[in-house]
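Colleague: I am new to this structure and should be grateful for a guided reading of it. May I put some questions to you once it is displayed?

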Amino acid sequence: MGLFFRRDGGEPAIEKGRFRHGQRQQTLCGGNQLVPRTYEKDERDDSGKSETGGRRRRSDRREIPVSSRNPIIDDIVRDKTRIVALNKIDLADGAQTESWKRELTAAGTYAIPVNCNTGAGINQIFRRLDLIREERERETVRRRPLRLMIVGVPNVGKSSLINKLTGKKSAKTGDRPGVTRGKQWLTLTNGMQLLDTPGILWPKFEDPDVGLNLAFCGSIRDEILDMETLCLELIKVLLQDYSSLLEARYKVEEISEDGLEAMEQIALKRGFIFPGKRIDYERTAKTVLDEFRGGKIGRITLERCENAGREEAEEI
């Protein structure tokens, strides 16, 4: 999530996206369409925005700084000032978060790790906003309130961040996508004005891994997904870099490298078995996905920063 400063923007339509598992075709994005809308221009004021950002690899929340970045935003924002909030750091791999922060900052984007539960990173955002306001005031005689816009995909914690910035419960929060339904102007504790917007997805996922990452983290409604297949795909990803966390959480001494076998091992350990020793895949899938999203499996970053290994080597 990040803060942008611009005059107009838009909301794209959502179309169907699919991925294949064996011979089955699963729907990643619902068939319902959102009518594109454009914000009205206001030449009297400066505006700004907020988006989750970052770069990608397959074994690449919890933290998904690339998949959760709407590619349309870059075209809309262009040269406008932005702040990227790397939210939910309490659920992400700490080393990877720091690597992403360095990578994004080196690329010219100001990134701030944030935990809206504890308030970590909020003061950094305010300090950055104060610097931006000071720069604007040096360039013009007219003193006008800085206006910002917060944008991001569904379920990345935009409302929680807004409540921290405003110092009160200004936006309704929830652990599912689609809680925020409309736009509203809010005033921050420092007097700046913020436009809250609903989470939006872009028309088509060119990379199927992006759709999977968003589905893993709950940015796509579970009701339109095959949860068993989604869980299987998540386990396959976690086995690449976080197999030890799966073993510890589900008390499996040596988890299989095969995704389906690993899923069945988890089911057996949790007792998710039907009469006749049949695996309850549905219950297993719901449990694993809920525990992943809640951080109970451990601190995980799905999209791993390509420079992380090199940085660690240089420090040694």
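Colleague: Which hand does the crossing of H3 and H4 have, right-handed or left-handed?

Modeller: This is a predicted model, in which local features need pLDDT of at least 70, side-chain atom pairs count only at pLDDT 80 or more, and totals for chains, interfaces and linings use all residues. Residues are numbered from 1 along each chain as its sequence is written, and side-chain values use heavy atoms, with hydrogens and water left out. Helices (H or I, at least four residues) and strands (E, at least two) are DSSP runs numbered from the N terminus. A crossing is left-handed if the near helix is turned anticlockwise from the far one by less than a right angle, and right-handed if clockwise; that of H3 and H4 is right-handed.

Colleague: At what angle do the axes of helix H3 and helix H4 cross?

Modeller: Axes are lines fitted to C-alpha atoms, for helices over the stretch in contact, with angles from 0 to 180 degrees between N-to-C directions. Angles under 35 degrees count as roughly parallel, over 145 as roughly antiparallel, 65 to 115 as roughly perpendicular and the rest as oblique. H3 (residues 122–139) and H4 (residues 158–166) are therefore roughly perpendicular. Their axes come within 10 Å and cross at roughly 70°.

Colleague: Which residues of H3 and H4 make the contact?

Modeller: Contact means heavy atoms within 4.5 Å. On the H4 side the residues are Leu-161, Lys-164 and Leu-165. On the H3 side they are Ile-122, Ile-125 and Phe-126.

Colleague: How many residues of H4 are buried?

Modeller: Buried means under 20% relative accessible area, exposed over 50%, and partly exposed in between (1.4 Å probe, protein chains only). The buried residues of H4 pack against H3 and against strands S6 (82–86), S8 (147–151), S9 (184–187) and S10 (193–196). Leu-161 and Leu-165 are among those buried. H4 is mostly covered, the buried count being 7 of its 9 residues.

Colleague: What distance separates the end C-alpha atoms of helix H9?

Modeller: The expected span of a helix is 1.5 Å times one less than its number of residues. H9 (residues 281–293) has 13 residues, so it should span 18 Å. The model agrees, since the end C-alpha atoms are 18 Å apart.

Colleague: Which helices are included in what covers the buried residues of H9?

Modeller: Among the buried residues of H9 are Leu-289, Phe-292 and Arg-293. Asp-290 also lies in H9, but Asp-290 is partly exposed, with a relative accessible area of 39%. The cover over the buried residues includes helices H5 (208–216), H6 (227–241), H7 (243–250) and H8 (259–270).

Colleague: Is Lys-277 buried or exposed?

Modeller: Lys-277 is found in the loop between strand S11 (273–274) and strand S12 (278–279). Lys-277 has a positive phi of about 60° although it is not a glycine. Most residues other than glycine have a negative phi. At 77% relative accessibility, Lys-277 counts as exposed.
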